Amino acid sequence: MATSFDKIINVAMITIRDYKLDKIYYAEQSTFETILSGYVIRGVPKFESCLKPLNYDLETREFEADLDIYEIDILASWTVIEWYEDQLQDVLEFKEPLRDIDFNKYSTGQNLRPRQDYLSELRRKVKLDTTNYLFMHLADLPYWSHN
(Lines give C-alpha, C1' and ligand atoms only; values in the text may rest on other atoms or scores of the structure.)
Protein backbone atom coordinates (compact mmCIF):
# COMPACT_ATOMS: atom_id res chain seq x y z
CA MET A 1 0.00 0.00 0.00
CA ALA A 2 1.28 3.48 -0.90
CA THR A 3 1.82 6.43 1.43
CA SER A 4 0.41 9.77 0.29
CA PHE A 5 2.51 12.93 0.42
CA ASP A 6 -0.48 14.40 2.28
CA LYS A 7 0.27 12.23 5.33
CA ILE A 8 3.76 13.68 5.52
CA ILE A 9 2.54 17.22 4.83
CA ASN A 10 -0.13 16.96 7.55
CA VAL A 11 2.49 15.99 10.12
CA ALA A 12 4.86 18.74 8.92
CA MET A 13 2.13 21.37 9.11
CA ILE A 14 1.83 20.76 12.84
CA THR A 15 5.21 22.51 13.14
CA ILE A 16 5.07 24.97 10.24
CA ARG A 17 3.45 28.29 11.05
CA ASP A 18 3.31 30.41 7.91
CA TYR A 19 0.46 32.78 7.17
CA LYS A 20 1.43 32.82 3.46
CA LEU A 21 1.03 29.04 3.23
CA ASP A 22 -2.25 29.20 5.14
CA LYS A 23 -3.52 31.81 2.70
CA ILE A 24 -2.47 29.69 -0.29
CA TYR A 25 -4.12 26.62 1.26
CA TYR A 26 -7.49 28.35 1.48
CA ALA A 27 -7.20 30.14 -1.87
CA GLU A 28 -5.70 27.44 -4.09
CA GLN A 29 -5.20 24.02 -2.54
CA SER A 30 -3.47 22.55 -5.61
CA THR A 31 -0.79 25.25 -5.41
CA PHE A 32 -0.36 24.52 -1.71
CA GLU A 33 0.06 20.80 -2.48
CA THR A 34 2.62 21.56 -5.19
CA ILE A 35 4.67 23.81 -2.89
CA LEU A 36 4.67 21.39 0.06
CA SER A 37 5.27 18.37 -2.20
CA GLY A 38 8.44 20.13 -3.35
CA TYR A 39 9.66 20.34 0.24
CA VAL A 40 8.81 16.66 0.79
CA ILE A 41 10.78 15.69 -2.33
CA ARG A 42 13.75 17.82 -1.29
CA GLY A 43 13.77 16.03 2.07
CA VAL A 44 13.72 12.50 0.62
CA PRO A 45 17.48 12.21 -0.12
CA LYS A 46 18.28 13.35 3.40
CA PHE A 47 16.51 10.32 4.86
CA GLU A 48 19.19 8.07 3.42
CA SER A 49 18.88 5.58 6.30
CA CYS A 50 15.27 4.69 5.53
CA LEU A 51 14.92 0.92 5.44
CA LYS A 52 12.22 1.11 2.77
CA PRO A 53 12.74 2.43 -0.74
CA LEU A 54 11.54 6.01 -0.99
CA ASN A 55 10.49 5.80 -4.62
CA TYR A 56 7.53 8.05 -5.37
CA ASP A 57 5.11 8.92 -8.14
CA LEU A 58 4.73 12.67 -8.68
CA GLU A 59 1.48 12.24 -10.57
CA THR A 60 -0.27 10.48 -7.68
CA ARG A 61 1.84 12.25 -5.03
CA GLU A 62 2.53 8.96 -3.26
CA PHE A 63 5.46 6.92 -2.07
CA GLU A 64 5.35 3.37 -3.38
CA ALA A 65 6.11 1.93 0.05
CA ASP A 66 3.76 1.78 3.01
CA LEU A 67 5.67 3.98 5.45
CA ASP A 68 5.22 3.56 9.19
CA ILE A 69 4.62 6.44 11.60
CA TYR A 70 8.34 6.80 12.39
CA GLU A 71 9.30 7.06 8.72
CA ILE A 72 6.47 9.55 8.12
CA ASP A 73 7.62 11.61 11.12
CA ILE A 74 11.24 11.71 9.92
CA LEU A 75 10.18 12.71 6.41
CA ALA A 76 7.90 15.38 7.89
CA SER A 77 10.84 16.71 9.92
CA TRP A 78 12.99 16.92 6.80
CA THR A 79 10.09 18.68 5.06
CA VAL A 80 10.01 21.27 7.86
CA ILE A 81 13.77 21.74 7.60
CA GLU A 82 13.56 22.22 3.83
CA TRP A 83 10.74 24.76 4.29
CA TYR A 84 12.67 26.56 7.03
CA GLU A 85 15.85 26.73 4.92
CA ASP A 86 13.80 28.23 2.12
CA GLN A 87 12.45 30.86 4.54
CA LEU A 88 15.99 31.75 5.62
CA GLN A 89 16.92 32.33 1.97
CA ASP A 90 14.01 34.74 1.46
CA VAL A 91 15.55 38.06 0.45
CA LEU A 92 12.87 40.00 2.32
CA GLU A 93 14.02 38.39 5.55
CA PHE A 94 17.31 40.25 5.23
CA LYS A 95 15.67 43.65 5.47
CA GLU A 96 16.50 45.52 8.62
CA PRO A 97 13.22 45.85 10.54
CA LEU A 98 12.62 48.85 12.77
CA ARG A 99 11.31 48.66 16.32
CA ASP A 100 8.29 50.88 16.83
CA ILE A 101 9.29 51.95 20.32
CA ASP A 102 12.52 53.78 19.70
CA PHE A 103 13.19 53.14 16.00
CA ASN A 104 16.46 51.37 16.74
CA LYS A 105 17.47 48.96 14.03
CA TYR A 106 18.00 45.29 14.71
CA SER A 107 20.98 44.00 12.81
CA THR A 108 20.48 41.29 10.23
CA GLY A 109 22.81 39.11 12.28
CA GLN A 110 20.59 39.46 15.34
CA ASN A 111 17.59 38.35 13.28
CA LEU A 112 19.35 35.56 11.43
CA ARG A 113 21.42 33.94 14.22
CA PRO A 114 18.47 32.59 16.29
CA ARG A 115 16.89 31.21 13.13
CA GLN A 116 20.09 29.44 12.13
CA ASP A 117 20.42 28.04 15.65
CA TYR A 118 16.84 26.75 15.50
CA LEU A 119 17.56 25.12 12.14
CA SER A 120 20.65 23.42 13.60
CA GLU A 121 18.54 22.15 16.49
CA LEU A 122 15.94 20.77 14.05
CA ARG A 123 18.69 18.91 12.18
CA ARG A 124 20.05 17.43 15.42
CA LYS A 125 16.55 16.30 16.40
CA VAL A 126 15.83 14.59 13.08
CA LYS A 127 19.22 12.85 13.14
CA LEU A 128 18.51 11.60 16.66
CA ASP A 129 15.06 10.43 15.51
CA THR A 130 16.73 8.60 12.62
CA THR A 131 19.18 6.91 14.97
CA ASN A 132 16.32 5.82 17.24
CA TYR A 133 14.44 4.53 14.18
CA LEU A 134 17.46 2.44 13.19
CA PHE A 135 17.84 1.07 16.73
CA MET A 136 14.18 0.02 16.68
CA HIS A 137 14.85 -1.85 13.44
CA LEU A 138 18.28 -3.20 14.33
CA ALA A 139 17.37 -6.74 13.26
CA ASP A 140 16.40 -5.42 9.82
CA LEU A 141 19.78 -3.83 9.15
CA PRO A 142 21.93 -5.76 6.65
CA TYR A 143 24.81 -6.22 9.08
CA TRP A 144 22.60 -7.72 11.79
CA SER A 145 20.17 -9.75 9.70
CA HIS A 146 20.50 -13.51 9.97
CA ASN A 147 19.71 -14.86 6.52
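Hi everyone, let's start with the sheet: three strands make up an open sheet, ordered β1-β3-β2, with antiparallel pairing. At its edges are β1, residues 3-4, and β2, residues 56-57; each has a single partner strand, so one side of each has no neighbour in the sheet. Before I go on, please keep in mind that this is a predicted model.

Let's look at one pairing in there. β2 and strand β3, residues 62-63, run antiparallel and are joined by 2 bridges. If you want to find one on your screen, go to Y56, whose bridge partner in β3 is F63.

We begin with α2, which covers residues 19-27; its axis and that of α3 come within 5 Å and cross at roughly 135 degrees. Angles from 65 to 115 degrees count as roughly perpendicular and those over 145 as roughly antiparallel, and α2 and α3 are therefore oblique to each other. Who makes the contact? On the α2 side we have L21, I24, Y25 and A27, and on the α3 side Q29, T31, F32, I35 and L36. Sorted by class, that contact has 7 nonpolar and 2 polar residues, with no charged ones.

Next comes α1, residues 5-12. From α1, the residues F5, D6, I8 and I9 meet F32, E33, L36, S37, V40 and I41 of α3. Here the classes are 7 nonpolar, 1 polar and 2 charged residues.

Our last stop is α4, residues 69-89. How far apart are the axes of α3 and α4? They are 8 Å apart, and the two helices pack at an angle of about 110 degrees. So this pair, too, is roughly perpendicular. The crossing of α3 past α4 is right-handed. In this contact, α3 brings L36, Y39, V40, R42 and G43, while α4 brings L75, W78, T79, E82, W83, D86 and Q87. By class, we find 6 nonpolar, 3 polar and 3 charged residues.

How values were computed. Residues numbered from 1 in each chain as written. Predicted model: local features only at pLDDT ≥ 70, side-chain atom pairs only at ≥ 80, totals over all residues. Heavy atoms only, no water. Contact = heavy atoms within 4.5 Å. Helix = DSSP H or I, 4+ residues; strand = E, 2+ residues; numbered from the N terminus. Nonpolar A, V, L, I, M, F, W, Y, C, P; charged D, E, K, R; others polar. Axes fitted to C-alpha atoms, helices over the stretch in contact; angles between N-to-C directions. Parallel < 35°, antiparallel > 145°, perpendicular 65-115°, else oblique. Left-handed = near helix turned anticlockwise from the far one by under 90°. Pairing = 2+ DSSP bridges.
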